[in-house]
Amino acid sequence: MFVDFGAATRAHPAMRGVNGDGFVICRYGEAAVVGVIDGVGHGQYAQRAAATARREIETHCALPLEDIFRHVGRACRGTRGVAMALARFDCLTSTMQFASVGNVEVKTLGMSGPTRFVLRRGIVGLNAPPPSVTDRPWPDAGVLCMYSDGVHSRWDWPEAACIARRSATEIAGLLLRRYARDDDDATILVVKGKALE
Ligand SMILES: [Mn+2]
């Protein structure tokens, strides 16, 4: 695979390990779909919503992102719903797609051209509009991070040497330790281009 994927997540410190966040890393063929999911609120009902969403993404990961969102929306109707961001990386074309509904944010490093993505408001499973899907070239030296709102929204990347030395999983763990808030579940997913491996 031409990219390295990794993630770190932990529950709200008062929730005894019951995590209402989740993530998915789903490789198939020469592509992968990755995502961060935040079940509304925290505790067991948030966990149930996030687990429902994760199952739907894994089952339908080869479909277009809009269709995955539709499946998750339908499956999560009986739950509290989720905020969710998904990205697809295509190895054959060196491109990526991104779509998000709710408060999962994204940050990139080393990408050429515009790096802003459309984040739609709403809750998947409740009142969400269809996501707006953005297509971008994916550079060999690109780094992308998706994170739930249990992570402070303003933070700085570690220095380049640190990113080069560590795996995506290690970088996600490092960012989570530095920037997770203590009043919510927190999740960070990191994607690292092959030139950095
Ligand atoms: Mn949250």
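Phe23 touches Ala7, Thr9, Gly35, Val36, Arg54, Thr187 and Leu189, leaving out residues up to four places away in sequence; a contact here means heavy atoms within 4.5 Å. The model is a predicted one, in which local features need pLDDT of at least 70 and side-chain atom pairs count only at pLDDT 80 or more, while totals for chains, interfaces and linings use all residues. Numbering runs from 1 along each chain as its sequence is written, and side-chain values use heavy atoms, with hydrogens and water left out.

Back to Phe23, which sits in strand 2 (residues 21–28). With a relative accessible area of 28%, Phe23 is partly exposed. On that scale, buried means under 20% relative accessible area, exposed means over 50%, and partly exposed is in between (1.4 Å probe, protein chains only). Phe23 and Arg181 are 158 residues apart in sequence, and their C-alpha atoms are 18 Å apart in space.

Next comes the metal. The manganese ion has Asp38 (OD), Asp149 (OD) and Asp184 (OD) as its protein donors, lying 2.1 to 2.3 Å from it. Asp38 belongs to strand 3 (residues 31–39) and Asp149 to the loop between strand 9 and helix 3, so this pair ties together parts that are 111 residues apart in sequence. Donors are N, O and S atoms within 2.8 Å of the metal (3.2 Å for Na, K and Ca), and since water is not among the atoms, sites may look incomplete. Along the chain, the donors of the manganese ion follow the spacing D-x110-D-x34-D.

How exposed are these donors? Asp38 counts as buried at 6% relative accessibility, and Asp184 is buried too, with a relative accessible area of 10%. Asp149, at 26%, is partly exposed. Asp184 is found in the loop between helix 4 and strand 10. Setting aside neighbours within four places in sequence, Asp184 is in contact with Arg10, Ala11, His12, Pro13, Gly41, His42, Asp149 and Gly150. Asp184 and Met15 are 169 residues apart in sequence, yet 9.1 Å apart in space from C-alpha to C-alpha.

Ser148 is in the loop between strand 9 (143–147) and helix 3 (160–165). Its relative accessibility is 1%, so Ser148 counts as buried. Beyond its neighbours within four places in sequence, Ser148 has contacts that include Asp21, Val36, Asp38 and Asn103, along with Asp185, Ala186 and Thr187.

Now for the helices. Helix 4 (residues 168–179) has twelve residues and reaches 16 Å from its first C-alpha to its last, close to the 16 Å expected at 1.5 Å a residue; the expected span is 1.5 Å times one less than the number of residues. Its buried residues are Ala168, Ile171, Ala172, Gly173, Leu174, Leu175, Leu176 and Tyr179. These pack against strand 1 (3–10), strand 9, helix 3 and strand 10 (186–193). In helix 2, the buried residues are Leu65, Ile68, Phe69, His71, Val72 and Gly73. Strand 3, helix 1 (44–59), strand 4 (82–90) and strand 5 (95–101) are among what covers them.

Then there are the pockets. A pocket is an open set of points on a 1 Å grid over the protein atoms alone, where a 1.4 Å probe fits, with protein on both sides within 12 Å along at least five of seven lines; lining residues have an atom within 4 Å of a point. The largest pocket holds about 330 Å³ of space. Its lining has 13 residues, with Glu105, Val106, Lys107, Arg116 and Tyr147 the closest to its centre. Strand 6 (residues 105–109) provides the largest share of that lining, four residues. The second largest pocket has a volume of about 230 Å³, a volume being the space filled by probe spheres set on the points, which are joined across faces, edges and corners. It is lined by 16 residues, and Phe69, Arg70, Gly73, Ala128 and Pro129 lie nearest its centre. Helix 2 (residues 65–75) gives the most to this lining, with five residues.

Finally, a word on backbone angles. Most residues other than glycine have a negative phi. Arg16, which is not a glycine, has a positive phi of about 50 degrees. Arg16 lies in the loop between strand 1 and strand 2 and, at 81% relative accessibility, counts as exposed.

Conventions: Helices (H or I, at least four residues) and strands (E, at least two) are DSSP runs, numbered from the N terminus.
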